[in-house]
Amino acid sequence: MKLLVADDHALFRDGLSLHLEKLAPQAIIYQAANFSQAIKILQSMTDIDLVIIDLDMPDMDWEEGLKTIRETSPESKIVIISASENPQHIKKSLNIGVKGYISKSSDTKVLTSALNLILDGGTYLPPSLMEIASHGVGIKEDNKKMLTPRQSEVLRYVAEGLSNKQIAYKMNVSEATVKLHINALLRSLNATNRTQALIIAQKRGII
């Protein structure tokens, strides 16, 4: 496994790299001090499994940098670790295709759980994302009826960041069945991926 840590603070990069070495002893860890360095590494290596990156780096606008990283290494899983908990930043980065958004204020247990979940194929969604639509808490009955009970159950597990394998275990069904439920869920919400489905469901007050 190959990991890339990009942050403009050397002490944070080193500390996170040490934590990752404990989490994945066999991993090869690369470091970058800005978006430009991260992009160069990804251009030279096409087999980086996980990119852990800060949004606030001085050499490039974070949206531009993140999109370039996504385009440069589409197969890599991208995780944001940022001091910003701005809901708009979270929503925009998830729409770009990141697999997780972790606050720098999170403790090591949360960090470890989130990274394990992402490496297992899941998506980590911070509590702040779940509160984005809190101003529209009232759940309308017609929105509820959009989804079947099974689809609603799957949606709850997706919101918790569980992978298909974990959802299958929770629901006592096969992964293939979970995929069918998720595909049906995406069609019902007119979404193209799990992250978009969550955002649409929150906007409509379904979750």
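Author: The largest nonpolar core of this predicted model holds 24 residues, and L4, I53, L66 and I69 have the most contacts inside it. Several elements each supply at least two of its residues: strand 1 (2–6), strand 3 (50–53) and strand 4 (77–82), together with helix 2 (35–44), helix 3 (62–72) and helix 4. Helix 2 gives the most to this core, five residues in total. As a general background, nonpolar side chains in soluble globular proteins tend to be buried together.

Helix 4 (87–96) leads us on to another feature, for this helix also gives two or more residues to the lining of the largest pocket. That pocket has a volume of about 320 Å³. Of the 16 residues lining the pocket, K99, T123, N193, R194 and T195 are the closest to its centre. Besides helix 4, the elements that give two or more residues to the lining are helix 10 (175–189) and helix 11 (194–203). Helix 11 gives the most, with three residues. Sorted by type, the lining has nine polar, four nonpolar and three charged residues.

Now follow the chain along its later helices. In helix 8 (residues 149–159), the buried residues are Q151, E153, V154, L155, Y157, V158 and A159. A helix has 3.6 residues a turn, so residues three or four places apart point the same way. After helix 8 comes G161, with a positive phi near 85°.

Most residues other than glycine have a negative phi. N172, although not a glycine, has a positive phi of about 60°. You will find N172 in the loop between helix 9 (164–171) and helix 10, and N172 counts as exposed because its relative accessibility is 70%, over the 50% cut-off. N190 also has a positive phi, near 55°, without being a glycine. Its place is in the loop between helix 10 and helix 11. With a relative accessible area of 67%, N190 is exposed too.

Finally, a word on the aromatic rings. A search of the whole structure finds zero aromatic pairs. The ring of F12 does have a charge over it, though: the charged end of K104 sits there, 4.3 Å from the ring centre.

Key: Residues are numbered from 1 along each chain as its sequence is written. This is a predicted model: local features need pLDDT of at least 70, side-chain atom pairs count only at pLDDT 80 or more; totals for chains, interfaces and linings use all residues. Side-chain values use heavy atoms; hydrogens and water are left out. Rings of Phe, Tyr and Trp (its six-membered ring) pair if their centres lie within 6.5 Å; planes under 30 degrees apart count as stacked, over 60 as edge-to-face and the rest as tilted. A charge sits over a ring if NZ of Lys or CZ of Arg is within 6 Å of the ring centre and within 35 degrees of the ring normal. Buried means under 20% relative accessible area, exposed over 50%, partly exposed in between (1.4 Å probe, protein chains only). Helices (H or I, at least four residues) and strands (E, at least two) are DSSP runs, numbered from the N terminus. On a 1 Å grid over the protein atoms alone, a cavity is a set of points where a 1.4 Å probe fits but cannot get out, and a pocket is an open set with protein on both sides within 12 Å along at least five of seven lines; lining residues have an atom within 4 Å of a point. Grid points are joined across faces, edges and corners, and a volume is the space filled by probe spheres set on the points. Ala, Val, Leu, Ile, Met, Phe, Trp, Tyr, Cys and Pro count as nonpolar, Asp, Glu, Lys and Arg as charged, and the others, Gly among them, as polar. A nonpolar core is a set of buried Ala, Val, Leu, Ile, Met, Phe, Trp, Tyr and Cys residues joined through side-chain atoms within 4.5 Å.
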